[in-house]
Protein chains: 2
Amino acid sequence: MSFYPQIKQILLGKTLPTSAHSEERLSNYAALAVLSSDALSSVAYATEEILVILVAAGSGALSLSLPIAVAIILLLGIVVLSYRQTIKAYPKGGGSYIVARDNLGLFPGLVAGASLMIDYILTVTVSISAGTAALTSAFPALQPFTVSLCLIFMVLLMLANLRGVKESGNIFMIPTYAFIVSIFVLIIFGLYKHATGQVVTSYPEIPVQQGLSLFFIMRAFSAGCTALTGVEAISDGVLAFKEPEWKNARLTLTFLGVILGIMFVGITYLSNIYHIVPHEHETVVSILGREILGTGSFYYFIQFVTLLILMLAANTSYADFPRLCYFLARDGFLPRQLALLGERLVYSNGIILLTLCAAVLVIIFKGDVSAVIPLYAVGVFTSFTLSQAGMVRRWFVERSSGWRSSALMNTFGAIATAIVLMVIISTKFLRGAWLVVVAIPILVYIFLAIHRHYEYVARRLSIEEIAPCSYPPRPKPEVINHPAVVLVGQLNRGTVQALDYARSIADDIVAVHVDIGSTDRERLQEKWQQLESDIPLKILESPYRSLIEPLLDFVTRYEAQQHSGVFTTVIIPVFVTRNWWDGLLHNQTTFFLKNALRATKSRVVTTVRYYL
Amino acid sequence: MSFYPQIKQILLGKTLPTSAHSEERLSNYAALAVLSSDALSSVAYATEEILVILVAAGSGALSLSLPIAVAIILLLGIVVLSYRQTIKAYPKGGGSYIVARDNLGLFPGLVAGASLMIDYILTVTVSISAGTAALTSAFPALQPFTVSLCLIFMVLLMLANLRGVKESGNIFMIPTYAFIVSIFVLIIFGLYKHATGQVVTSYPEIPVQQGLSLFFIMRAFSAGCTALTGVEAISDGVLAFKEPEWKNARLTLTFLGVILGIMFVGITYLSNIYHIVPHEHETVVSILGREILGTGSFYYFIQFVTLLILMLAANTSYADFPRLCYFLARDGFLPRQLALLGERLVYSNGIILLTLCAAVLVIIFKGDVSAVIPLYAVGVFTSFTLSQAGMVRRWFVERSSGWRSSALMNTFGAIATAIVLMVIISTKFLRGAWLVVVAIPILVYIFLAIHRHYEYVARRLSIEEIAPCSYPPRPKPEVINHPAVVLVGQLNRGTVQALDYARSIADDIVAVHVDIGSTDRERLQEKWQQLESDIPLKILESPYRSLIEPLLDFVTRYEAQQHSGVFTTVIIPVFVTRNWWDGLLHNQTTFFLKNALRATKSRVVTTVRYYL
């Protein structure tokens, strides 16, 4: 019995008291590492996802990746500028759910919440899958275990988060900055090697499956937009910065934009000049690494660091998803269990829910990044748009100093992200985006249904109407008058104990036995008169051998006719076996009996347990 | 809610009152049909199972099937003579379990019981598989659905038996006598066609995989011994005969022996002169039918009748297995649930158990008769031997008139079946018989463990020691003095109702609230004083946010310090949602709380239900 708690303590550590709950403040460097790993890590797959689409139009089309990447970087600039306004306006942290709810109303807020929930789940799926791909690119022998590896990484993340990852930037900084430095080194070496003419490659002949069209290019653009996921994380976590929070957060966000832009364009440019063709079993970054650096220790270092930053990116969702669930649960749109602090002061249920959802997606999509990408980014751009639109509304309502330029910036951001959202949905719709388009309204519907239920319960349980004046404190009755029915199977020690209990709580007691055809009635009555003659024993006929129906009839009549308006206690003696499996050897009637009595709205059904 | 009972009533019919329970008496013709279908139907596969083994030694070995069949018929004669003695000695029906228990003691009785249980399950598996093979031989397109067909037939049998198949011989007589007539027609036509020289075939060339050896021939003999399964059924059901029961039963048993012998030898002889080689996808009877009668309507008739009689054979187990389970459960060796008459006056649980076990075997062995045969017959011959040995013992103890010849007959039978049992086990051991050899002692162990448990419970619950004199009827206490603890989450209508209940059963009440860090204590106490000031409200600290531990501590202290020696009632208010899924939206703490609180004796945990 004490096995499970022990295992749990080893894995998760000791229960923490509520008083240990506190927020840590992060330096800008640490904050960049902690809050931006999701955004930065998308460099590991965004270029590849553009190339995977373009390659269908032959090798000539691959060079289109560079202008597409530049367009995405421009979009990134707009989003960053736009979110700088949000950070200033919500110095306590403005997630899309809160911004949209505050300024646009309940419904847009819930749409933003649903979108974000879906996207956080997809972030875990994509990041873990991409991290595993970095590993299997370096060690192709691990290829067949892709899904298992993904699930193992996910369970490790879950355990770490259930334990409570202190967001202590120091540890988190290492892989983030190692990744940034590695990618910069890769870019610089790659450019140098190419400039000195050490590498002269050209594209292999690739069969053209598809002509170039605007729609096709838009599809590649949509795939690349996944690079923008996670940019909003800094605006959610303003409170994690040191004072002055909003200024530090804005600065860090700008840095993030610049670094992400350089890395993304750099990798895309390299894959152009090195004529990289996407490959099913190796990532583009891995191919570039081998070409530029050879398969040496630095190559393995890059792959390892890529795996780590992608784990961190998934970890971002482990911080954000449970927090979003907490907000939604607190407001009554998700089950209350999601608002409970677990033993280690984290929202354990949210962490487990996220893991389950992401694991299902990994299993369905077999840990293949490209398969999930069409679902990804729909949610993020929905929440971008709603959040920016909310800001626009806010500026127009508040009209604080300098509101015009802020409003302009946010309007521009809202329009740009809305257009991109349309592009993403229209180009990816049939390839999987429809799933998200369908899922968001379903989620919103569920939110509202849950809310209605909680409101209904609160209304029904409310004691507002029984106001103090109309409902004075009732003194305890002088003499207790309480009826009880005791069910008797055989006359054994368990029954004797139940009768004793009945005597201690009630003054009007009747014992009932059901004869299903095998009772020696005379003998039972005789024994009864010897031992329990103060309580009448009623023997019920059961021509159809059912215990439940005659009892139910009797109790219903007893409650309604003789004791209406007062509580009746129905007492069932049960005996407790040493092991649960011993219990299987005895009739399970008690369970059905209790359910049946409850179905007829008997309010108090009590089992008196006799321990063998 | 009323959906399941409706479906049940359509499938199984209305519940029958106990008074409808009665036994029907059968004429000898009807009894032969009802009780002997298992034995007779083995003609459909016994010859084939001999040939399947012999064919490994080349076509020359196939002709050995005839002497083997004759040897089996001799054995049949011995068994029939032997069981004639049992019928006379046990005119009320002497199953092996009862005969062995009566005369040899508990342990041999349980071994016989376990053997029979296993063999009844295997009878269903083999008969259903063979019946399906008759069908798929006629319609090869059904081959891929073998397992599904087997399961469908089994479910139909189960439903029919749960409904209560009135063993009205009239319906059962049709397939049995149709089968007997068909096989006789087939034999006569086959002999005629051969005698008139219309058919001249010879064995095809078959590669010899195995040399002939005594062991090999013994294996073929063992496989053929499955023809004897079911012969004991008449001696189990003597009471189903008209008066004088035992004479009629003996006569019928003799008839069974003669008919079975002729059919078995006939089929085997035909397969010799028609040079039949066993085939994976067609039964020997089907091949013979096509050769002798052509693929015409009479051929299809034979296949259909074969399917029907094999269904009847399986149905025999559906009568015998639940009855055996009833005997074992009545004596406390199997769970009591197996001794309960169901709504339709049948032992429903035994019927369901048999179906489950047989279905598992069908799935494991993919509905292949030859794969199950090595497991089969071990149990039957074990119970044959024990039953005959029991009879020998009985004759020597009773020494009634003419006991010497009866004892001789039974001794001969016991020795013969014991030898055959040895042969069967040794030749089939590695091919699957070991499973049964291992399963029998395991089953016996389980029987004994269950028995020990029931005895332990009975001893612990016994009121023998609290004899009338030392335990006079206790009058109800003049004034009820009873303590209660009410758990309070919020102050709502559910809580108010629970407090009212507490007032009606107890005079010493305390209300307890656990603050996990989110309670507005002042507001709660203020509201409390307005509404429930007569009951003290205690607010417990919970630094680790657990509801359960502080409550458990409090209740334990409350009981030990202030109210030791009397019952304490712990009252938990719960509210009942309209649907079970609504319940998921509320904390499931009540469940864990109840389990945690129940760990102690002399404490009664009651939920007071508030219906929304």
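**Reading helix packing in chain A**

User: At roughly what angle do the axes of helix H21 (residues 548–562) and helix H23 (residues 589–599) of chain A cross?

Analyst: They come within 10 Å and cross at roughly 35°. Axes are lines fitted to C-alpha atoms, for helices over the stretch in contact, and angles run from 0 to 180 degrees between N-to-C directions. Helices (H or I, at least four residues) are DSSP runs numbered from the N terminus. Bear in mind that this is a predicted model, where local features need pLDDT of at least 70, side-chain atom pairs count only at pLDDT 80 or more, and totals for chains, interfaces and linings use all residues. Residues are numbered from 1 along each chain as its sequence is written, with chains lettered from A and ligands numbered from 1 in the order in which they are written.

User: Which residues of H21(A) and H23(A) meet?

Analyst: Contact is scored on C-beta atoms placed from the backbone (within 7 Å). From H21(A) come Ile548(A), Leu551(A), Leu552(A) and Val555(A), facing Phe592(A), Leu593(A), Ala596(A) and Leu597(A) of H23(A). That contact has eight nonpolar, no polar and no charged residues. Ala, Val, Leu, Ile, Met, Phe, Trp, Tyr, Cys and Pro count as nonpolar, Asp, Glu, Lys and Arg as charged, and the others, Gly among them, as polar.

User: How do H4(A) and H16(A) pass, left-handed or right-handed?

Analyst: A crossing is left-handed if the near helix is turned anticlockwise from the far one by less than a right angle, and right-handed if clockwise. H4(A) passes H16(A) left-handed. The axes of H4(A) and helix H16 (residues 378–398) come within 10 Å, crossing at roughly 55°, so the two are oblique to each other. Under 35 degrees would be roughly parallel, over 145 roughly antiparallel, 65 to 115 roughly perpendicular, and the rest is oblique. The contact residues include Ser82(A) and Gln85(A) of H4(A) and Phe384(A) and Arg394(A) of H16(A). By class there are four nonpolar, five polar and one charged.

User: And what about H3(A) against H4(A)?

Analyst: H3 (residues 46–54) and H4 (residues 65–89) of chain A pack at about 135°, axes 10 Å apart, which makes H3(A) oblique to H4(A). H3(A) passes H4(A) in a right-handed crossing. Among the contact residues are Ile50(A) of H3(A) and Ile68(A) of H4(A).

User: Where do the domains of chain A fall?

Analyst: Bounds come from an automatic or database domain assignment: domain 1 is 23–454 and domain 2 is 483–611. Their C-alpha centres lie 62 Å apart.

Technical notes
Two residues are in contact if their C-beta atoms, placed from the backbone, lie within 7 Å.
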